[in-house]
Amino acid sequence: MATKPLPVDLTLLLAPYNGEWVTLSQDEPRILGHGKTIEEALAMAKGKEEERPLLIKVPDDEGAGFVLI
């Protein structure tokens, strides 16, 4: 039987990156790169042993929270 993934709260991890694009590791909650553009975030993540990082836009609103499932 397949197991369900557990939710991961990223609110504190992403708090410093309001308004930016962020690349995350797929296997653990870890920032690989960030920037004002997608290109900046991906360039920063390049070469960090992550073939396909997750890419998200962090809203400008400081009250926003994130949970990955």
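Predicted model: local features only at pLDDT ≥ 70, side-chain atom pairs only at ≥ 80, totals over all residues.
Which backbone nitrogen does the side chain of Thr 23 reach, and at what distance?

Let me begin with the chain as a whole. There are two helices and five strands, and, read from the N terminus, the elements follow the order β-α-β-β-α-β-β. The chain has 69 residues, of which 26% count as buried. Its accessible surface comes to about 5100 Å², and carbon and sulfur atoms account for 56% of that area. If we take the contacts between residues at least 6 apart in sequence, 46% of them join residues that are at least 24 apart.

Now to the residue in the opening question. Thr 23 sits in strand S2, which covers residues 21-24, and its side chain reaches the backbone nitrogen of Gly 33 at 2.9 Å. Thr 23 counts as buried because its relative accessible area is 0%, which lies under the 20% cut-off for that class. Leaving out residues up to four places away in sequence, Thr 23 touches a run from Arg 30 through Ile 31 and Leu 32 to Gly 33, then Ala 41, Leu 42 and Ala 45, and finally Pro 53, Leu 54 and Leu 55.

Apart from neighbours within four places in sequence, Ala 41 is in contact with Trp 21, Val 22 and Thr 23, with Gly 33, His 34 and Gly 35, and with Leu 55. For that last pair, Ala 41 and Leu 55, the separation is 14 residues in sequence and 8.2 Å in space, taken from C-alpha to C-alpha.

Leu 55 also leads us out to the surface, where it forms a nonpolar patch together with Ile 38 and Leu 42, the three having about 200 Å² of accessible area together. Ile 38 is placed in helix H2, and it counts as partly exposed because its relative accessibility is 31%, a value between the limits of 20% and 50%.

Terms used. Residues numbered from 1 in each chain as written. Heavy atoms only, no water. Contact = heavy atoms within 4.5 Å. Helix = DSSP H or I, 4+ residues; strand = E, 2+ residues; numbered from the N terminus. Buried < 20%, exposed > 50% of the residue type's maximum accessible area, 1.4 Å probe, protein only. Polar contact = N/O pair within 3.5 Å; in protein donor to acceptor, adjacent residues only side chain to side chain. Areas by Shrake-Rupley, 256 points an atom, 1.4 Å probe, with all protein chains shown as cover. Patch = residues over 30% accessible without salt bridge, like charges linked within 9 Å, V, L, I, M, F, W, Y side chains within 5 Å. Salt bridge = Lys/Arg side-chain N within 4 Å of Asp/Glu carboxyl O.
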